[in-house]
Amino acid sequence: MDIRSITNAWSQQISSLPIFAFGLWVTWNLTAFAGLPWYVETADAWRISEFVTFHMIGALLALATLLAGASRSTEIIKGSPCVIVGGILASIGAVFVILSNPDILPSKTIFRIGCIIAGFGTTALFARSAAWLGAMLPRIAFMKICEGVMAGGAGYCTMAIMPYPVNCVAFVLLPVVSALLHLLHSYDAAELRVLEPAGRFDRKYWLFLAALVVYAFAAQLLKSGMFPLSAAEASTEFHASTLMIMAVAIASVFLSAASTEQFGFGRIYRPATLVIIVLSIAIPLTGGFGDAEIGQPIAETLQYVFNLIAWGMAAYITFQAQGGAVRIFCSANAALVLGSLAGSIVSQLLATSGVFGQGFIIACLLVDALASLMAFFVFPERCISEMLIPVDEKQYEKKSDGEDHFAPWKDACAKLAQGAGMTTRETEVFTLLARGKTNQQIADMLVISPYTVRAHTRSVYTKLDVHSRNGLVHAVEATVAENDEPTDKQ
């Protein structure tokens, strides 16, 4: 093998490092929430629920810190110290959690501090993944997320068969190894581009975040409410849910790879939310389908699959915006964590109130009503279509020099604009609309007011005889298809 072959092989391996780093992050989380390194038969029952609560508090603190200084946070995420500190903090938190074992140093305070520190550190590792996911085509990004989850599930299964002292050591080292893999991956031009700040969030994105909070709340309440299991039963249940999650991830990768149509999360987001709403009623009313050991894995899998969809949508939005990766990913994950934290706290309050059974059913019905309101009125399918403008992935082909090729899309926009008699400014607005930019982003890029953007948008719609961004995009796609047809037909 010559030097060039070795270099090419190494480059291919380096390109896979972020997936393995993300997979180790998934492994750590699955292992931690299953309690493999610290939840033993002698442990008190409070440990599982409190780990969930305090770990998410740490994660929320980290996300709030990153979002509070979005522009500064982007520079921090780019640097090596951030991921190193994140890995070290997560490992320190893991040590605290293990040391608080009843057989070593029984202390709720140490346990809670460890959970918070670990949650803070692992969130920094998650934020590091924003750039490489947001720079990919939406379909590819979702496949990579699923591949990371598959690797994480395989890692969890490996941890599950390790003897107790060994998996404790692995639990402590996983965040550091994940950080090191992140460091070996250098940002390319596309990743640096999506790390740049983007425009302000528009109303549809805020509604999307609100919907994530509600759905995560419903999923966490559903999962926590099915938790009256022994340690052995809980461990078996988590093994089953992990296998189910891996099965969904594998199926998603194959379906995404086989798909020849445009990839849109609107088609899978809607069914996922409706399933959450239906199960939030069906599972508690049927007592976990007659068995908590059946209902719990289903609820656990449902929650994780919804997280996959939310991360995929964050990657989609980042790709459309071509910027704001840290802000978009952190805000989406903050919404998921906030909803899950609220669901965990409410379930604990219901459990300590002594009326958990009846109170749980009532709480699920109320949350179901709220989720239905979000799904059908506050953030309906129309808002998803307006927020996630279809991306024509076929136009992002690679040239021989590795650069992205956008010419057919731009040519189609120019042809349509000329045929419709658009002004120069309207053509600029039209091209940015077709690329999926929001009104605020267009205003920032062209240095005009959002009201001016809206006026130009209305004029563009009128001249193209369309009524929505989807109609605009379809017009561009039709023109691209016409341009691709051979002109020398016999």
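Serine 344 is buried, with a relative accessible area of 2%, where buried stands for under 20% relative accessible area, exposed for over 50% and partly exposed for the range in between, with a 1.4 Å probe and protein chains only. This serine belongs to helix H14, and helices here are DSSP runs of H or I with at least four residues, strands being runs of E with at least two, numbered from the N terminus. The model is a predicted one, in which local features need pLDDT of at least 70 and side-chain atom pairs count only at pLDDT 80 or more, while totals for chains, interfaces and linings use all residues. Residues are numbered from 1 along each chain as its sequence is written, and side-chain values use heavy atoms, with hydrogens and water left out.

**The chain as a whole**

- The secondary structure of the chain consists of 21 helices and two strands, and 53% of its 490 residues count as buried.

**Residues paired across the sequence**

- Serine 344 and phenylalanine 217 are 127 residues apart in sequence, yet their C-alpha atoms are 8.0 Å apart in space.
- Isoleucine 345 is also found in helix H14, which covers residues 325-353, but this isoleucine is partly exposed, at a relative accessible area of 38%; from serine 49 it is 296 residues away in sequence and 8.8 Å away in space, C-alpha to C-alpha.
- Proline 175 sits within helix H8 (residues 164-184) and counts as buried at 2% relative accessibility.
- The C-alpha atom of proline 175 is separated by 8.3 Å from that of glycine 121, 54 residues away along the chain, and, not counting residues up to four places away in sequence, proline 175 touches Trp28, Gly87, Ala90, Ser91 and Leu125.
- Lysine 415, in helix H17 (residues 407-420), is partly exposed with a relative accessible area of 42%, and lies 61 residues from valine 476 in sequence and 9.2 Å from it in space, C-alpha to C-alpha.

**Nonpolar cores**

- The largest nonpolar core has 117 residues, of which Phe208, Tyr215 and Tyr269 touch the most other members; such a core is a set of buried Ala, Val, Leu, Ile, Met, Phe, Trp, Tyr and Cys residues joined through side-chain atoms within 4.5 Å.
- Leaving aside residues up to four places away in sequence, tyrosine 269 touches Phe208, Ala211, Tyr215, Phe306, Ile309, Met313, Phe379 and Ile384.
- Another core lies apart from the largest one and has 24 residues, including Cys413, Met422, Ala475 and Val480.

**Packing around helix H20**

- The axes of helix H18 (residues 424-434) and H20 come within 9 Å and cross at roughly 85 degrees, the axes being lines fitted to C-alpha atoms, for helices over the stretch in contact, with angles from 0 to 180 degrees between N-to-C directions.
- H18 is therefore roughly perpendicular to H20, since angles of 65 to 115 degrees count as roughly perpendicular, those under 35 as roughly parallel, those over 145 as roughly antiparallel and the rest as oblique.
- Arg425, Glu426, Val429, Phe430 and Leu433 of H18 make this contact with Val453, His456, Thr457, Ser459, Val460, Lys463 and Leu464 of H20.
- By class, the contact of H18 with H20 holds six nonpolar, three polar and three charged residues, where Ala, Val, Leu, Ile, Met, Phe, Trp, Tyr, Cys and Pro count as nonpolar, Asp, Glu, Lys and Arg as charged, and the others, Gly among them, as polar.
- The axes of helix H19 (residues 439-446) and H20 come within 8 Å and cross at roughly 110 degrees, which makes H19 roughly perpendicular to H20.
- In this contact, Asn439, Gln440, Ile442 and Ala443 of H19 meet Pro450, Val453, Arg454 and Thr457 of H20, and the residues divide into four nonpolar, three polar and one charged.

- Aspartate 465 is placed in the loop between helix H20 (450-464) and helix H21 (469-484), and is exposed with a relative accessible area of 60%.
- The phi of aspartate 465 is near 60 degrees, a positive value in a residue other than glycine.
- Most residues other than glycine have a negative phi.

Technical notes: Contact = heavy atoms within 4.5 Å.
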